[in-house]
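The following questions and answers examine the terms used to describe a protein structure. Each answer sets a value beside the definition on which it rests.

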Amino acid sequence: MVGIITGFIDELRAAGVPVSMVEAIDGMRAVEVVDIGDRVALRETLRATLIKNLRHERAFDTAFDTYFATVPNVEREASEEPGSSQLPGADRDGSDEQPPFDLEQLLDSLLEALAGMDEAAIRRGARTAVDQLAGMEPGRPVGGTYYLYRTLRRLDLKDLEERLIEALMNDEAMSDLDRRLMREEVEERIERLREEIEDEIRRRLVADRGRDAVARTLRRPLVEDVDLMHATTKDLQEMEAAIGPLTRKLAARLARRRRRREGRLDFRRTMRKSLATGGVPADPQFRHPRPHRPEVWLLCDISGSMATFSRFTLQFTHAMSTHFSKLRSFAFVDTIDEVSDFFGPGVDFGSALRRITTEAEVVWLDGHSDYGNSLESFLNRYGKQLTPRTTVIITGDARNNYRPPRDRVLADIAGAARAVVWLNPEPQAYWDTGDSAMSHYSAHCTSVHEVRTLRQLEQFIEELTLPGSRTLQNL
Amino acid sequence: MNFESPQSVAEALRSVDYLPDDRISQVVFLADRLDKPILVEGPAGVGKTELAKSLARVTGRDLIRLQCYEGLDEAKALYEWNYKKQLLRIQSDVDHDWGEIEQDIFSEDFLLTRPLLEAIRSKEPVVLLIDEIDRVEVETEALLLEILSDFQVSIPELGTITAETQPIVVLTSNNTRELSEALKRRCLFLHIDYPDAAREQEILAARVPGLSEHLAGQVAKVVRSIRSLDLKKAPSVSETIDWARTLLALSIEDVDEAILGDTLHVLLKYQVDIEKAAKELTSTVPS
């Protein structure tokens, strides 16, 4: 068991989850006091001790299901006939004696099991389905998704869903609301079946190829390591949850100033402190100065090449708007328009995004990125409102379609503002290749950062505070 | 050791109308066995604070609560010297030898205990709830580290005070900011999410007496449906309970579109959310 758990921890670390030495030891100690034959108990024990961040749960679940695939689920399988929870493969030896496989019959029994939400029967059905439909070949080096696809193609879950809805709907005349609730209920049950089949396939793969090999094929990057340029909608949804805390942090960092003795004398605290020196007020205390209210202007490239990234930056902007009262946001393709009003309290992100794509005037000529013109029109229209307190953050790949970069304009902007920070979602090695005009611009920026992942964004925010960093504080 | 097994945790919590899922009872069991604090995270209103309160009720212990807020410091969380009393003591005794006075004014008589120290010094075992830990600054978090790992507090003038009895410690966080690694390392991590429809129905049955099973099921399903929408603030469990009570008070037997539309404001607190949910749930006809 110890061997499996260390292997499991290694796998978590390989997937990028930081599991410290102390936590690993805690995990081992904790496992000693639980029933290791009980899958739920084991899973929650390891989860509580090893995983300290919600973002890592998906990686944990994948790794756990692989490493402990053969640990039976005590409570849930108690009702099954003995022997059915034994290792997969064993029950396939007897398949010759079974009656020939009938897909219709399987579907009927699955339908019945789903309608009655009979967990054990669903599990049995999933097992038969994998037996008969996946066509698993021992030793064949394909991932679980291949077998999953083969099973589901024959099973046709969409059709099963329709049939289940029909079966449950027959009872009475239902209102639209009831119909909707019913549909969701059915979707959830079908999802259960899907998970069950996935589980079953994984169990067999593990038995065939070993834990480590299967875990490697299933490994996915953590949310914070997903490349923002190629993130899927699902990734973006998960990122959204992580953005909130990050923007709060950024707000705090930007507001921070060097500590100075400012403000009025705090008489009460001075008196209290004086007790340590026998009543002599040797160490005067001052009231804290009023917190600094930073002004942030965000300029986002929302051209086609930046589609996924700009969705992310706008999401970030949206989250930021709750923390900065003085946040202004601008979107540009080949010219620039202010989009601050589309965000704001009580507006949901989806409708803000729709309004930006339909109402904002960001295209002037042909809809290809033109940083030079965008910056120039920005300076002309809004430049006078820049103050030494304004931090300008520009997000974009600086791919200018070989148009003149007009980097002097950026120098003028930098001169008027507190700082100009550029976040580029491209790997640094690609900067200045092809039509990228990054170095023209970076010369005038206070700092330039490669932000391809959430982790790098976090790093950027972290670095803003480093003592002695010249990024924002000296300006 | 308060609990035999995760199952007995679940039973005990159920007896005070707190319905835990497998994860919650397992983590509580572990915390009890390993003497480790629990860090509970999750959206607002899923019963994080309630868990600590229920644990206190189940174990018959006192609950000591430290509500965190921005600007919380040592003097309000740990201990403070009662300087007024110290001042009086010094002034009333001008002739005395200073060494003696100094000994005297830094003794326990002049110490004001705040929640954390109180939990450590308590003769009876207690449940210590540190609520909304994510509201304090990162620097203040460090105050807690000594307590969380060793159950002790060091006071420079007095020495180290070690816990006489082992408290159950529960920290809650709404995850508005990342907590420090040092803090997380010392805790068991428990993420409580919204319950699934079946468990929510159970919770309703336990918390809203007189609610019919049919209505409880319907309420749970409607709430699940609403939570699946992209909202500014999804309805919490407590809001679900409020809604069920509202329906009960209006003696409604069966939820339909009209009733849902009229009472949505109990579940949702933002006008945009209400409009969105109303549009989605009360007017669309699923194909």
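Q: What share of the 287 residues of chain B count as buried, and what makes a residue buried?
A: A residue is called buried if 20 or more other C-beta atoms, placed from the backbone, lie within 10 Å of its own; with 12 or fewer it is exposed, and in between it is partly exposed. By this rule, 37% of the 287 residues of chain B count as buried, and 35% of the 475 residues of chain A. This is a predicted model, in which local features need pLDDT of at least 70 and side-chain atom pairs count only at pLDDT 80 or more, while totals for chains, interfaces and linings use all residues. Residues are numbered from 1 along each chain as its sequence is written, and chains are lettered from A and ligands numbered from 1 in the order in which they are written.

Q: Why is chain B called more spread out than a compact globule?
A: The radius of gyration is taken over C-alpha atoms, and the globule rule is 2.2 Å times the number of residues to the power 0.38. For 287 residues the rule gives 19 Å, whereas chain B has 24 Å, well over that value; therefore chain B is more spread out than a compact globule. Along the principal axes, its C-alpha atoms fill a box of roughly 90 × 45 × 35 Å.

Q: Why is strand β5 (residues 126-131) of chain B said to be largely enclosed by the rest of the structure?
A: Strands (E, at least two residues) and helices (H or I, at least four) are DSSP runs, numbered from the N terminus. Five of the six residues of β5(B) are buried, so this strand is largely enclosed.

Q: How do you know that β5(B) pairs with strand β2 (residues 62-67) of chain B?
A: Two strands pair if DSSP finds at least two bridges between them. β2(B) and β5(B) have six bridges, in the parallel sense, and B:Leu66 stands opposite B:Ile130 in β5(B). With strand β8 (residues 168-173) of chain B, β5(B) pairs in the parallel sense over four bridges; there, B:Val127 has B:Ile168 of β8(B) as its bridge partner.

Q: What makes residues of chain A and chain B count as in contact, and how many do?
A: Two residues are in contact if their C-beta atoms, placed from the backbone, lie within 7 Å. On this basis, 34 residues of chain A are in contact with 36 residues of chain B. The largest share of the chain A side, eight residues, comes from α10(A).
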